Amino acid sequence: MTTGTPSGRIRQTVLHWLKDPVAHFPPASLDPLGTGVTPRAVAAKLGVPRRTAAAHLDFLARLGLLRSRRRLLRTYYRRDEARIAEVAQLFEKNW
């Protein structure tokens, strides 16, 4: 998944942060289960507009690497560990 593009590095960083969201984000930005974060929290940590962070999160969700969950007026994103493992296995096998 690593690419030389800034977007690729940003997405890789976000995936890393979401591996342990409690360690990387303030409690107020976590969903009640503590497994996902809001685009606003990711934007604040990256230092980018919320819409930019949301675009990165949506892209990762469309790839199946993240799951999203709406709760009230917020969307929370968390890693899909099973899908990430599948993709990693594909790269290990060289497709």
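User: Why does Glu 81 count as partly exposed?

Analyst: In this predicted model, Glu 81 has a relative accessibility of 42%. Buried requires under 20% and exposed requires over 50%, so a value of 42% places Glu 81 in between, as partly exposed.

User: What makes the meeting of the side chains of Arg 79 and Glu 81 a salt bridge?

Analyst: The N to O distance for Arg 79 and Glu 81 is 2.6 Å. The criterion asks for a side-chain nitrogen of Lys or Arg within 4 Å of a carboxyl oxygen of Asp or Glu; the 2.6 Å pair therefore qualifies.

User: Why does Arg 79 count as buried?

Analyst: Arg 79 has 12% relative accessibility.

User: What separates Glu 86 and Arg 83 in helix H5?

Analyst: Glu 86 and Arg 83 lie three residues apart in helix H5, which means a separation of about one helical turn. An α-helix has 3.6 residues a turn, so residues three or four places apart point the same way. The closest N and O atoms of Glu 86 and Arg 83 are 3.3 Å apart, and the two form a salt bridge. Glu 86 is partly exposed at 43%, and Arg 83 is partly exposed at 29%. The count of salt bridges comes to three.

User: How do you know that the span of helix H5 agrees with what it should be?

Analyst: Helix H5 (residues 81–92) has 12 residues, and at 1.5 Å a residue it should span 16 Å. The expected span uses one less than the number of residues. The end C-alpha atoms of H5 are 16 Å apart, so the two values agree. Just after H5, Asn 94 takes a positive phi of about 60 degrees.

User: Why does Ile 10 count as partly exposed?

Analyst: Ile 10, in helix H1 (residues 6–19), has 26% relative accessibility, so it counts as partly exposed. Beyond residues up to four places away in sequence, Ile 10 touches Leu 46 and His 56.

Technical notes:
Residues are numbered from 1 along each chain as its sequence is written. This is a predicted model: local features need pLDDT of at least 70, side-chain atom pairs count only at pLDDT 80 or more; totals for chains, interfaces and linings use all residues. Side-chain values use heavy atoms; hydrogens and water are left out. Helices (H or I, at least four residues) and strands (E, at least two) are DSSP runs, numbered from the N terminus. Buried means under 20% relative accessible area, exposed over 50%, partly exposed in between (1.4 Å probe, protein chains only). Contact means heavy atoms within 4.5 Å.
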